[in-house]
Amino acid sequence: MCRAHGLGPGTFGDVAWTHPRRTPPYYPDAVTLVPDAASHEVLDGIDRSVPGCSVKDSFATLDLAGHGFEPLFDARWIHRPAGTPAPQPEDAAPWEPVRTAAELAAWETAWSDGAPMDLFRPALLADPATTVLAGRAPNGRIVAGAVLTHSTAPDVVGVSNLFGTGTGTGTGTGTGTGADPWPGCLAATTRLHPGTPVVGYEHGDDLAAALRHGFTATGTLRIWAPAG
């Protein structure tokens, strides 16, 4: 996402990934890679002078309260083993990858419940590790979707930005309320990445929905945002 916005890839250090410039909305400026990362090792690599920075504490072990941050929410990592049968979606039309800039704009409009954001940019479609999936109504309108990110080390597919009809802002990774997008998403993921585990993170009702579809909750993570 940072590269799609022309910001560069950021830096992978021994304990954290950090970006020296403000990342796009809803995306962290730092992500811890080990549970014993020190606060300064994370915060020294990000720009805290620009409003809106956030930190994904992948193990919920940081204490950033003394540095002007507060927990935004806690969530659970989720894992769906390779070979788990994909659910059969009720929709007749399978979810398909978004291919063009116009389709991506329509996808973002559905994801954001109609609010223009210019967040998901066409450069994202050129990333071989990223697939933007769209589920469509019979009239062709995009009514559901997700973003898949394929990692080779380890070999997993991450699901984020999952949404379905009636999900509201679509700013998280979960289903919210309304039509359940998991069956269509998982069927497409299995088709595109057969034999590959599926991972992500969820909380609240969205976590419960993921567990109903074959995921297991594993570790805890925490998102930190500026206090106040």
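How many aromatic pairs does the structure hold? The structure, which is a predicted model, holds 7 aromatic pairs. Several of the residues concerned are described below, after an account of the chain as a whole.

## Overall architecture

The chain contains 4 helices and 11 strands. Its radius of gyration is 17 Å, close to the 17 Å that the globule rule gives for 228 residues, so the chain is as compact as a globular protein of that length. Taken along the principal axes, the box filled by the C-alpha atoms is roughly 50 × 35 × 30 Å.

Of the 228 residues in the chain, 44% are buried. Among contacts with a separation of 6 or more, 62% are between residues 24 or more positions apart.

## Surface and charge

The chain exposes about 11,000 Å². Carbon and sulfur atoms supply 56% of that area.

## The aromatic cluster

One aromatic cluster is formed by Tyr 26, Trp 107, Trp 111, Phe 120 and Phe 163. Within the structure's 7 aromatic pairs, Trp 107 and Phe 120 form an edge-to-face pair, with 4.9 Å centre to centre and 75° between the planes. This pair links distant parts of the chain: Trp 107 belongs to helix H2 (residues 101-111), whereas Phe 120 lies 13 residues away in the loop between H2 and strand S7 (130-136). Both Trp 107 and Phe 120 are buried.

Phe 120 also pairs with Trp 111: the ring centres are 4.9 Å apart and the planes stand at 80°, so this pair is edge-to-face. Which relative accessibility does Trp 111 have? The value for Trp 111 is 0%, and the residue therefore counts as buried. Phe 120 has a relative accessibility of 5% and counts as buried because the cut-off is under 20%.

## Backbone features

Tyr 26, a member of the aromatic cluster, has a positive phi of about 75° although it is not a glycine. Tyr 26 is placed in the loop between strand S2 (16-18) and strand S3 (30-32).

Asp 118, another residue other than glycine, has a positive phi near 55°. Asp 118 is located in the loop between H2 and S7, the loop that also holds Phe 120. In contrast to the buried Phe 120, Asp 118 is partly exposed at 47% relative accessibility. A further backbone feature is the cis peptide bond joining Ala 153 and Pro 154, with omega about 0°. Pro 154 occupies the loop between S8 and S9.

## Helix H3 and its surroundings

The buried residues of helix H3 are Trp 182, Pro 183, Gly 184, Cys 185, Leu 186, Ala 188 and Thr 189. They pack against strand S5 (69-80), S7, strand S8 (142-152), strand S9 (155-163), strand S10 (198-202) and helix H4 (204-212).

Ala 188 is found in H3, which spans residues 182-192, and is buried with a relative accessible area of 1%. Not counting residues up to four places away in sequence, Ala 188 touches Trp 95 and Leu 133. Ala 188 and Glu 202 are 14 residues apart in sequence, and their C-alpha atoms are 20 Å apart in space.

Gly 195 is in the loop between H3 and S10. Is Gly 195 buried or exposed? Gly 195 counts as exposed, at 59% relative accessibility. Gly 195 and Pro 81 are 114 residues apart in sequence, with a C-alpha to C-alpha distance of 8.7 Å.

## Helix H4

Ala 210 lies in helix H4 and is buried at 0% relative accessibility. Its contacts, not counting residues up to four places away in sequence, are with Ile 78, Trp 182, Glu 202 and Phe 215. One of these residues, Trp 182, is among the buried residues of H3. Ala 210 and His 79 are 131 residues apart in sequence but 9.4 Å apart in space, C-alpha to C-alpha.

Notes
Residues are numbered from 1 along each chain as its sequence is written. This is a predicted model: local features need pLDDT of at least 70, side-chain atom pairs count only at pLDDT 80 or more; totals for chains, interfaces and linings use all residues. Side-chain values use heavy atoms; hydrogens and water are left out. Helices (H or I, at least four residues) and strands (E, at least two) are DSSP runs, numbered from the N terminus. The radius of gyration is taken over C-alpha atoms; the globule rule is 2.2 Å times the number of residues to the power 0.38. Buried means under 20% relative accessible area, exposed over 50%, partly exposed in between (1.4 Å probe, protein chains only). Contact means heavy atoms within 4.5 Å. Accessible areas come from the Shrake-Rupley method with a 1.4 Å probe; for residues, only the protein chains shown count as cover. Rings of Phe, Tyr and Trp (its six-membered ring) pair if their centres lie within 6.5 Å; planes under 30 degrees apart count as stacked, over 60 as edge-to-face and the rest as tilted.
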